[in-house]
Amino acid sequence: MDPKLGRMASSLLASLLLLEGAMFSPSSPPAGLLEKVFRYIDLHQNEFVQTLKEWVVVESDSVQPLPRLRQELFRMMALAADKLRCLGASVDSVDSGVQQLPNGQTLPIPPIILAELGSDPKKPTVCFYGHLDVQPARQEDGWLTDPYTLTEVDGKLYGRGATDNKGPVLAWINAVSTFRSLEEDLPVNIKFVIEGMEEAGSVGLEELVRKEKDRFFSRVDYIVISDNLWLSQRKPALTYGTRGNSYFTVEVKCRDQDFHSGTFGGILNEPMADLVALLGSLVDSSGHILIPGIYDQVAPVTEEERKMYKAIDLDLEEYRNSSQVKRFLFDTKEEILMHLWRYPSLSIHGIEGAFDEPGAKTVIPGQVTGKFSIRLVPHMNMSVVEKQVKQHLEYTFSKRNSSNQMAVSMTLGLQPWIANIKDNQYLAAKRAITTVFGTEPDMIRDGSTIPIARIFQDIIQKSVMMLPLGAVDDGEHSQNEKINRWNYIEGSKLFAAFFLEMAKLHY
């Protein structure tokens with residue numbers, strides 16, 4: 001189909017759905033206003049894509065600590081601040097200090113943007129969080145196009161940051177600017193928190209949230225994050241939970257120097273053999289964690305949950321093929337999703353001190369360190385998990401009667417997050433999704449860890465929702481990252497419809 005005809009058909013279908021909603025659903029937003037908003041977004045979509053292109057060209061890589069890239073980050077944050085000021089927002093670019101590097105040098109941290117539009121006490125205040133920094137990208141790593149030149153191919157907008165997270169940030173801004181351009185009153189008060197160091201651990205953000213709890217965040221009612229993806233290529237989703245992460249190292253040491261295997265092999269306890277045994281004691285071939293008591297705190301699956309998992313749109317064959325995995329550990333959609341989202345998992349990540357170069361080197365490492373992590377789910381206590389891991393490894397090591405020394409430490413601890421899907425903003429988002437896409441969303445969790453959700457929930461103690469825009473195949477952090485034009489433009493409509501629904505439901 002000709003793309004223009006496709007867009008016209010989509011717009012006509014949206015109008016029919018809106019008219020039908022106005023006739024049969026008393027809870028739907030005013031159809032006339034929504035039609036105007038949707039029509040404006042359709043007519044100006046090329047302008048919205050152009051702005052995304054102007055943002056993608058900025059190499060706002062926060063991962064590589066290079067002065068040139070840090071300047072690009074500052075440029076990116078300045079562009080965003082100017083964009084928000086043009087909307088009429090009051091903008092505060094908060095100085096975040098400096099980043100201390102391992103080599104002793106320092107680099108300035110880009111400012112965190114706090115912006116707000118509207119302060120009507122009769123309206124709900126919705127706060128949007130996003131980030132404008134990106135992962136490193138080079139065309140020679142396998143990109144088909146220049147990663148910092150937004151390139152459209154068959155309706156796909158390729159470029160680093162297109163889906164993670166510049167596209168979703170701009171989609172929110174597009175929704176706000178549409179109301180402004182149409183001279184329509186914003187249905188909600190809006191606040192923005194936009195940072196430039198998310199890919200490097202959100203340096204300074206938690207401290208700022210604590211500092212601003214009783215000022216900038218004092219009148220916030222709801223927080224929206226759009227920094228993840230759908231589970232499908234075409235069906236939208238709402239995310240209500242993420243796993244946490246406990247990262248461990250286990251060190252086995254005989255001495256500081258390595259050994260020659262011909263001279264010492266067979267007469268001592270080799271640290272590598274001890275470490276392999278320790279790592280092998282953590283998880284079995286079915287993915288079951290072998291640490292005693294680790295599953296005790298995991299909440300049992302409810303019947304309501306089972307129904308939610310059953311309703312999720314996931315083609316297992318397509319998922320397997322796209323993942324390039326011959327066989328998963330589980331055969332059903334429900335089992336796979338539960339083991340990704342609501343059960344803990346243990347992954348072994350690597351070994352320091354081992355020989356890993358090409359060729360044959362007959363060395364016995366004198367000291368080795370293994371790295372593994374446990375993805376935590378709600379109700380698991382991080383300190384209890386740490387104790388269970390240490391007790392298990394100490395017991396396993398003691399049975400080997402090794403003369404080596406062993407030390408275990410938890411180097412990172414991030415809590416899981418789960419939301420109440422009956423909160424008003426989840427209901428509003430469901431209605432908005434149904435209006436824009438003509439279907440109810442998949443209710444999903446995310447198997448990874450997005451710390452900012454838990455930080456907001458714990459400190460500000462307000463409802464947090466993840467409202468993704470990107471499709472499952474967008475390739476965030478990967479080569480050829482993209483966002484579909486359809487997702488970007490319909491996502492801008494989604495946010496506009498969400499504003500209206502949120503205004504209706506808040507009381």
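User: Why is Gln324 called exposed?

Analyst: The relative accessible area of Gln324 is 74%. Exposed means over 50%, buried under 20% and partly exposed in between (1.4 Å probe, protein chains only), so with its 74% Gln324 counts as exposed. The model is predicted: local features need pLDDT of at least 70, side-chain atom pairs count only at pLDDT 80 or more, and totals for chains, interfaces and linings use all residues. Residues are numbered from 1 along each chain as its sequence is written, and side-chain values use heavy atoms, without hydrogens or water.

User: How do you know whether His379 is buried or exposed?

Analyst: His379 has a relative accessibility of 60%, and on that value it counts as exposed. The residue sits in the loop between β15 (367–376) and α12 (382–398). His379 is not a glycine, yet its phi is positive, at about 85°.

User: What makes the peptide bond between Asp164 and Asn165 worth noting?

Analyst: That bond is cis, with omega at about 15°. Asn165 is part of helix α5.

User: Why is the aromatic pair of Phe128 and Trp172 called stacked?

Analyst: The ring centres of Phe128 and Trp172 are 4.6 Å apart, with 20° between the planes. Rings of Phe, Tyr and Trp (its six-membered ring) pair if their centres lie within 6.5 Å; planes under 30 degrees apart are stacked, over 60 edge-to-face and the rest tilted. The 4.6 Å therefore makes Phe128 and Trp172 a pair, and the 20° makes that pair stacked.

User: What does this pair tie together, and how accessible is each partner?

Analyst: Phe128 is in strand β5 (residues 125–131) and Trp172 in helix α5 (residues 162–181), so the pair connects parts that are 44 residues apart in sequence. Phe128 has a relative accessible area of 0% and is therefore buried. Trp172 is buried too, also at 0%.

User: How do you know the geometry of the pair formed by Tyr129 and Phe456?

Analyst: The planes of Tyr129 and Phe456 meet at 70° and the ring centres are 5.9 Å apart, so this pair is edge-to-face. Tyr129 in strand β5 and Phe456 in helix α14 (residues 451–460) are 327 residues apart, and the pair links these distant parts of the chain. Both residues are buried.

User: How many aromatic pairs does the whole structure have, and which residues do ring pairs link into a cluster?

Analyst: The search finds 17 aromatic pairs. One cluster linked by ring pairs consists of Phe128, Trp172, Phe179, Phe192, Phe495, Phe498 and Phe499.

User: How many disulfides are there, and are Cys86 and Cys127 buried or exposed?

Analyst: A disulfide is a pair of cysteine sulfur atoms within 2.5 Å, and the structure holds 0 of them. Cys86 is exposed, at a relative accessible area of 71%, whereas Cys127 is buried, at 0%.

Technical notes. Helix = DSSP H or I, 4+ residues; strand = E, 2+ residues; numbered from the N terminus.
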